[in-house]
Amino acid sequence: MLDDAETVFDGETMRLARGAGGIARLVIETPGPLNTLSAAVHADLARVVETVENDAQITGLIVASERDEFVVGADIGEFAELFAMDEPAIAARCRDMNAGFAALEDLAVPTVAAMPGMSLGGGLELAMCCDARVLADTGRVGLPEVTLGVFPGLGGTVRAPRLAGCALALDMIVSGKPIDAEKARKSGLVNETAAPDALGEAAERLLADLSASGDWRAMRARKTAPAVGIDPGAIDAVRKGDRSGPHQPAARMAIDLIERTAPQGRTEAQEAECLAFAAVAKTQAAASMTKTFFAQRAVAKAAKTAADGAEAPAIVGVLGAGIMGGGIAYTLARNGVQVPMRDIADTALDAAGEEVDRLVAGEIKRGKLDDAKGADLKARIAGTTTLDGIADAGLVIEAVVERLSVKRTVLAELEQTIAPDAVIATNTSSLRIDDIGAEMIHDDRLVGMHFFNPVPRMPLVEIVRGTHSSDAAVARAVATALKMRKTPIVVADCPGFLVNRILVAYINAFTKLVSEGVDFRQIDRVMEAMGWPMGPALLQDVVGMDTGAHVIETISAGYPDRMTHDWPDAVVAMSGAGRLGQKSGKGFYAWSRDDNGRLRKQDDPDADALIESIRTAPPREASDTEIEERMMLALVLEAIHALEDNAVSTAAELDMALVMGIGLPVHMGGALAWADWTGLPEIVAMCDRYENLGPAYRATEDLRRRAETGAPYR
């Protein structure tokens, strides 16, 4: 293709070659493994456009990539600088970048994008500036900016509706999900598809056809004119289907923007997009979700380092066929691991088998598995009441009842059965690893693997390093969690480890408010309005009051200086009264099933009577602000203590653990990211306002120093 081509521009991120027939080929190749749009790309693109404009021999342009992907989006590394600007400056930067894209779109020669692999975000926006697009038939295109708390800002809200219609454009922007090549072709987002090895030839052929027919002028005019076929009903349907909520406004803002600008021409619509993008870039969601993107990368890198080249064993044993043990066994088997599962009771093994059957049936129904693969998965789990099948395991996960004496007995028996180099991992949420392993012969091979329920869905696993845990044992546990497609974070062996100690501080703040006469329903409403998936009372009903009471009492005892209760605990009282939450039908709420078998909650006067009998003050009205501040401040301060105690290595890992482990709202980005966004001086001011509540609300010296110097946590 383009034989005898002459290079007429060779920049930092792209090169332009002119063929003998006048067809120029622009190849994008940015530093790094994937093509991304950076300031350097925009600068090079401006020089390329100028070169084409001034070269009378060029009669057409193909924009291409010789990598497996086209362009996968903006250079996210530059977002921090962009988002730190004020709105007018962000809008001005958007105008500059859009002017460069518009100059490409307005070239006096026809243009075609040849798009291998993925074309995402700014990559698709760049391709849409060309008159036509050829996409590899294995490729996908998408506008995923909503996952970073923003929406397309390089003409995506302008060109996508004019090429593919408002409905599909909005669906892509609101969902953030890419579409395949065939759907892109049928919608008009791309003009043709081709096999990857024939992509260049197809682009040249299409360019020749457009040049001969002159159709490229009409294609271009369609993108600069008002959108056609605007369906208000389709726009309303997308708006009604948006579930992102008020704390993640990008989707809603994009819908409003496209509805307003679809009847406008390109210039007016792009100006509106620049202004709207500048506004969404200054939201908490944009700041936090961008930090989350980098935190995810940092956590993945830390896990790879912690695995240190270790491999997950082909056989992983599971002790205990309860809810956690069964979920662990299923997740291991789902990822190709052989799982001997031991329990002392056949009934428990039968129940675990039924749960595995249910999970497999669900996967088959959703099209994630076929019957044969489902059968293979189930065959990888072998239930037994003896330890014989465990002997060959390279790692054994103990998931028996949360009692120290029982765990010690089980591990003593296990240690005599497995190979000398096998690793033992205990799944515990509140017991210290050092305490569990105190009577082991070789406690250097003991680590914690704290899974979160339900195991098949929850992504986080805390890998707990005991005082004597060897690096090899930790590495194998991390590798096993990665094999399970989980996100492992290595934490220290302290009461509650990382996530649960912070969660207990949050629940303690809740029970303190309840003891003072604040209605638990109001607390639930306030926290859910902040974006939490459920309020603290509802959370305890879901977790189980007996489990919650045990964890609260155990972990609080580990931090007596700031978690000791001097008030009656409503969770403990509920547990003592047999009100265990959903599993008993009564907790803070009463529970029943509807005709479809779904659990439904309703108010229960008996719960109010129980709370009235234990609280230390009559009912009182609390402002939503007081509830928000006291609940979040308790959580933030314990997170700060955990970081200062070296319970976890980095602030990014801490915040990601909270997002993945307890559902901390993603728009907050984590406890420390929320504190940074709120402002550390304001956090310190909150501490001073609530100093009468005791040590749990006392600012640390490092927090005060950061507030004074402006040093954020993230």
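How many bridges join strand S16 (residues 446-451) to S17, and do they run parallel or antiparallel? Four bridges join them, and the two strands run antiparallel. Here, strands pair if DSSP finds at least two bridges between them. Helices (H or I, at least four residues) and strands (E, at least two) are DSSP runs, numbered from the N terminus.

A quick word on what you're looking at. This is a predicted model, where local features need pLDDT of at least 70 and side-chain atom pairs count only at pLDDT 80 or more, while totals for chains, interfaces and linings use all residues. Residues are numbered from 1 along each chain as its sequence is written, and side-chain values use heavy atoms, with hydrogens and water left out.

**The sheet**

S16 and S17 belong to an open sheet of eight strands with mixed pairing, in the order S13-S12-S11-S14-S15-S16-S17-S18. At the edges sit strand S13 (381-384) and strand S18 (487-492), each pairing on one side only. On average, neighbouring strands in this sheet are turned by 25° against each other, direction ignored; axes are lines fitted to C-alpha atoms, for helices over the stretch in contact, and angles run from 0 to 180 degrees between N-to-C directions.

Strand S17 (residues 460-465) is mostly covered, with five of its six residues buried. Buried means under 20% relative accessible area, exposed means over 50%, and partly exposed is in between (1.4 Å probe, protein chains only). On one side, Ile 463 of S17 is the bridge partner of Met 449. S17 also pairs with S18 in the parallel sense over six bridges, and there Val 464 has Val 491 as its bridge partner. Elsewhere in the sheet, S11 (residues 316-319) and S12 (residues 339-342) run parallel, joined by two bridges, with Val 318 opposite Met 341.

Most residues other than glycine have a negative phi, and most peptide bonds are trans. Here are two residues that go the other way on phi:

| Residue | Phi | Loop |
|---|---|---|
| Phe 497 | about 55° | between S18 and helix H20 (499-515) |

Which is buried and which is exposed? Arg 485 counts as exposed because its relative accessibility is 71%, while Phe 497, at 0%, counts as buried. There's also a cis peptide bond joining Asn 453 and Pro 454, with omega about 0°; Pro 454 is in the loop between S16 and S17.

A nonpolar core is a set of buried Ala, Val, Leu, Ile, Met, Phe, Trp, Tyr and Cys residues joined through side-chain atoms within 4.5 Å. The largest one has 105 residues, and Leu 635 and Trp 532 are among those with the most contacts inside it. Helix H27 (residues 624-644) gives the largest share of this core, 12 residues. Apart from it lies another core of 79 residues, including Ala 160 and Leu 257.

Ala 160 is also one of the buried residues of helix H5. Nine of the nine residues of H5 (residues 156-164) are buried, so this helix is largely enclosed by the rest of the structure. Next comes Gly 165, with a positive phi near 90°.

Finally, the axes of helix H8 (residues 199-213) and helix H9 (residues 215-224) come within 6 Å and cross at roughly 95°. H8 and H9 are therefore roughly perpendicular to each other, since angles of 65 to 115 degrees count that way, under 35 as roughly parallel, over 145 as roughly antiparallel and the rest as oblique.
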